Amino acid sequence: MALTSRRAEAAKFTLLAGAAFFVLVPFWVMISISLKDLRQFLDNILYPTSPFQWQNYVEGWEAVSPYIINTLVVAAVVTVVSLTLSSLTAYVFARYEFPGKTPLFYALIVLLMIPGILNLIPQYVLALRLGLVGTAWALILFYVASRQVLEVYILRTFFSGLPKELFEAAQMDGASDIRQYWSIALPLSKSILGTLAIMTVVFVWNDYIWPLVAADNFKTVSIGLAYLTKQHSTSWGPLMAGYAIASLPLILLFSVTMRYFVEGIATGAIKA
Amino acid sequence: MDSAAHGRTSGDGRMPWYYGARLYVYILPTFVFIGIFAYYPSLSAIYHSFFNWNGSNIKDYVGLANFRRIFLNDRDLLVASWHMLLFVSANLVLQIPSILLAVVLYHLRNKRVQYWFRMVFVIPMVVPGMVGMLLWMFIYNPQVGLLNRALAGLGIIPSPFDGPTWLADTRLAMPSLMFMGFPYINPIALLIYLAGLERIPRDLNDSALIDGASAWQRLVRVELPMILGQVKLMLILGIIGGVQDYGRVLIMTGGGPSDATTVPGLIMYNTAFRYAQMGYASAIGVVMFLVILGLTVLNMRYFRTHEAS
């Protein structure tokens, strides 16, 4: 019995290790190539060989740093503005009754069902008419609008779950509704606000079609990397170094927040 | 659904009129944003799907002509829809590795090792999607790519240069796109399944063990039912994603070689931004929207009845 269970454990371990190996191979090869010059690259890519070409990272940084800065600016503005507006709206929907509340709320969340593919063309025409195409505003304004839908939906549920006594007590003490939102609702929602912020940053980092259409001159990381890959089809070392550098901000963000992001996914999924 | 108004009433039980008005002011910015940048485009798409429209000066009402063309008279779109079905099927089949891996990982006794494996499997989520795709483009590169180097190393082909050209080969391009991403572990799905499995009550597993249930029986009778809801969610997301996704095709093959990998989304994209037929492209968008909406509604119905039973 003990033997078979040990054998079963070893079999499980082998299977998982095999899967892990194949998951890691592309990233390992990326790091390996990022330290090679062309001759070393043609020779072998499975592991780095000396001399390591550290200057690839200098070249890679020079190529991708403008994209990283562009993306960080957009991500920061979109995250702050959309969460500010959506948290206040969600708070109002969670706490108060007012005429038209239900239709307004449904008008908002029905947008969750509308795929981006329906809106792409009119959004482009609208951005063109407003003179936004090619600028960061084309990204910021449309992202702020679309991110708010999901954020209001999730935050409203969260705010509704907060104990009502807290607000009632503050009410007795004469705290205004804005004050209650700012000093009670927001501080109690740090973790969900953090999770939503990460989701928005990741979304901005990964989105491809809209920036390609609307902001080709203002290159975000996704556009920039695809562009570099087409332009520099033989300088593999600096290119892979660029991929690695462009991945770093998200990796850092996740390594700081992974623990509760994982919990957030797990609990959110169970609720859903 | 919430309890009634939080008694924000003044002494005589009536609120001053401006009290409610303040609430509308708070939610106004959100509605201004979605009104201009979400609602207007959606309505504009539906409206313009009945027009011959180039996005600026040409705009002629054509009734249902765009839709007739979509369903009766567009061979490219037909080919693209077949590719879309292939992508959707691949998406569905490729859910299986995540499920199986989650179950195996759940059964690993050593919790430290389990933790480390979980970290490794989550890495692809942490790396930007574009980097993952570009790395797969490199893997498929016919001259210097990893795949042909590996095949040459194993002696299957004489040298990397003699290997298949993958994404550039008319017959191989579709399967190459469908089956990229080996070993097909979806980090979010894996985390969700693990969370579901962790909720299996201990005594349920113990009693299954005492009954002498085999691993297979436990999988079918205890574990899969436990995560059935999550699996269904992932399947429906896989279908919807497969219907509307064209980023992968746009980046990796541009729909080529020739039209070997086109999908409806890409046809819409090219119709709009290459040929400036914004009206026809809007109509394609509307049809895809209706398909996705249908799938979503079907899914909600299905979930409801399941929960009720």
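How many helices and how many strands are there in chain A? Twelve helices, written 12, and zero strands. From the N terminus on, the elements run α-α-α-α-α-α-α-α-α-α-α-α.

A caution before we go on. This is a predicted model. Chain A averages a pLDDT of 90, and 94% of the residues score at least 70. Among the elements of chain A, α3(A) has the highest mean pLDDT, 96. The lowest is α12(A), with 80. As a general point, where pLDDT is low, the predicted coordinates should not be read in detail.

Now the overall shape. The C-alpha atoms of chain A fill a box of roughly 75 × 70 × 35 Å along the principal axes. The radius of gyration of chain A is 24 Å, whereas a compact globule of 272 residues would have one near 19 Å. Of those 272 residues, 41% count as buried. What about contacts along the chain? Take those in chain A with a separation of 6 or more: 76% of them join residues 24 or more positions apart.

Next, the contact between the chains. It takes 71 residues from chain A and 70 residues from chain B. Several elements of chain A give two or more residues to it, among them α1 (2-34), α3 (55-95), α9 (190-206) and α12 (236-271). Which element gives the largest share on the chain A side? That is α1(A), with 14 residues. By class, the side of chain A that touches chain B has 56 nonpolar, 11 polar and four charged residues.

Let's stay with α1 and pick one residue. F22(A) lies in this helix. Is F22(A) buried or exposed? It counts as exposed, because it has 12 C-beta neighbours inside 10 Å, and the cut-off for exposed is 12 or fewer. Look across to the other chain, though. Leaving aside its neighbours within four places in sequence, F22(A) is in contact with F182(B) and P183(B).

F22(A) and A197(A) are 175 residues apart in sequence. In space they are 31 Å apart, C-alpha to C-alpha. A197(A) is one of the buried residues of α9(A). A reminder on helices: an α-helix has 3.6 residues a turn, so residues three or four places apart point the same way.

One last check, on helix length. The 17 residues of α9(A), at 1.5 Å a residue, should span 24 Å. The end C-alpha atoms of α9(A) are 24 Å apart, so the two values agree.

Note on methods:
Residues are numbered from 1 along each chain as its sequence is written. Chains are lettered from A and ligands numbered from 1 in the order in which they are written. This is a predicted model: local features need pLDDT of at least 70, side-chain atom pairs count only at pLDDT 80 or more; totals for chains, interfaces and linings use all residues. Two residues are in contact if their C-beta atoms, placed from the backbone, lie within 7 Å. Helices (H or I, at least four residues) and strands (E, at least two) are DSSP runs, numbered from the N terminus. Ala, Val, Leu, Ile, Met, Phe, Trp, Tyr, Cys and Pro count as nonpolar, Asp, Glu, Lys and Arg as charged, and the others, Gly among them, as polar. The expected span of a helix is 1.5 Å times one less than its number of residues. A residue is buried if 20 or more other C-beta atoms lie within 10 Å of its own, exposed if 12 or fewer, and partly exposed in between; C-beta atoms are placed from the backbone. The radius of gyration is taken over C-alpha atoms; the globule rule is 2.2 Å times the number of residues to the power 0.38. pLDDT is the predictor's confidence in each residue, from 0 to 100.
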